[in-house]
Amino acid sequence: MVAACVLLLVSPSVSVHAAEPVVREGVHLRLTSDVNDAALLADLVDSFDAAVPQWLAFWGLPTNAADNWKVDGYLMRDADAFRRSGALPDTLPPFENGFATPTAIWVHYQSTDYYNRHLILHEGVHALSFTLFGGSGPSWYSEGTAELLATHRDRQRAERDPRQANGLLAQSAQEFRINELPQSVDDSPMWGRYRVVAERRQAGELPTLASVLKLPTELNGDVETYTWCWAAAMMLTAYDDTREAYLHAARQGRDASPAFTTQFYRDISHQWPALRARWLLWLNDLEFGFDRARYRVGLSTDDPKYDGRNHSLNIDAARGWQSAGCWFPAGTLQLRAGGQCVIVAKENLQPSAEEAIAARDWLSTPAGITVHHHRGYPIGQLQVCVLPIPSAQDKKMAELDIQAPFFSRIVSAGDESTGSVADVATIQINSPSWVLFRINDAPGERGRYQRADNRGGYQVEIAR
């Protein structure tokens, strides 16, 4: 069994050829390369060794499950030289960036450390899956898992931030962590996942979750499909009611047939309408600064029907979409919103200067702050999303119905006179739907416009 990895093309290499192949050996990787860059090779081997126990923890396997596992790795600038030497077998099919077998991985040298590291890790996940499970399943699962467990923050840029914990990885003293999302372009130079999502989102061409699970076995170098596999793997492992099924499926990795996906669908089918709705929200929110823990949405097919009574909700400025906790039949809803929250200002570039940060924070009511916008809406503005419950007949991704119905006066920092002001709005529901709320903000980097740094929230009352 083999697996190939495809990533976005990068600019030509500027590294120096080694006169002879250089070998760098670690616990789990013996890396041979014609790139004479000792620091890079040491980093790749160290990162690989740091990733292996985290991969085991992700799958819920004991720490000694890979004690005797080691692969040969080849980082190649001149692939023809490796082919002539026999290190790159002629029996392997052509591949653009990376390839894996149970005992070896091959990676074409890239122009950035991040890409080299990502490719080595991606192919390492495939190789370990072959050893542990006999394979890595069909393409959507195989490539999604490998992309998920290869994504990381650059070692030099990684920050120790407890808010990044996702509950899947064992605590580790290693600074290097996998399954962490890059927070900026600088974290992952030339990493194009968010760009692909943004382009398709703007064009109205986002794929359905069902179409991702039906991807062909051979992806044939289609970079875009790797993005959707990764996005699906990330979402399915982020939610409690699908994580166990996703992880358990790895044990069936020997099966790459449609039967694998059929069984997986059976395991999660009770939540399928909710999963389709979550997928729509997930792809709408994916961008630099995305935080899985804060963007999980509490909606389920087990949610009760709205009972017609008045409901009160507190909408947290530090979280993404928040559900009313029930579904609503067709009709109108009266919404009343009040309160205020603090939105951390984009200009706060010196997080150690606490007094300066406090002076620059924005105080907002439900109408938001028109000085700054994100995706066309003022930051701090209370948004409402009417999200129809998908039916089996829906074959396409619906567009999100995001409304901003509150337009009362806007306050500036330091104005304490608006805490009791409430706005009233009416929204229309045309079919059974969930109703979600959030306070608009740009995710950004930690300490810069970061949703997690916001404080307070709004109070919303729902009535018929």
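Student: At what angle do helix α7 and helix α8 pack, and how far apart are their axes?

Tutor: Helix α7 (residues 223–238) and helix α8 (residues 240–249) pack at about 115°, with axes 5 Å apart. Axes are lines fitted to C-alpha atoms, for helices over the stretch in contact, and angles run from 0 to 180 degrees between N-to-C directions. Helices (H or I, at least four residues) and strands (E, at least two) are DSSP runs, numbered from the N terminus. This is a predicted model, where local features need pLDDT of at least 70, side-chain atom pairs count only at pLDDT 80 or more, and totals for chains, interfaces and linings use all residues. Residues are numbered from 1 along each chain as its sequence is written, and side-chain values use heavy atoms, leaving out hydrogens and water.

Student: Which residues of α7 and α8 make the contact?

Tutor: On α7 they are A233, M235, L236, T237 and A238, and on α8 they are D240, T242, R243 and Y246. Contact means heavy atoms within 4.5 Å.

Student: How many bridges link β13 and β16?

Tutor: β13 (residues 382–388) and β16 (residues 433–439) pair over 7 bridges, in the antiparallel sense. In one of the pairings, Q383 has R438 of β16 as its bridge partner.

Student: OK, what about β4, is it mostly covered or exposed?

Tutor: Mostly covered: 5 of the 6 residues in β4 (residues 71–76) are buried. Buried means under 20% relative accessible area, exposed over 50%, partly exposed in between (1.4 Å probe, protein chains only).

Student: Which strands does β4 pair with?

Tutor: β4 pairs in the parallel sense with β3 (residues 29–35) over 5 bridges, and with β6 (residues 104–108), also parallel and over 5 bridges. T32 has Y74 of β4 as its bridge partner, while D72 is bridged to A104 of β6.

Student: Last one: how many residues of helix α4 are buried?

Tutor: 10 of the 10 residues in α4 (residues 139–148) are buried, so this helix is largely enclosed by the rest of the structure. Among them are W140, Y141, E143 and E147.

Methods:
Two strands pair if DSSP finds at least two bridges between them.
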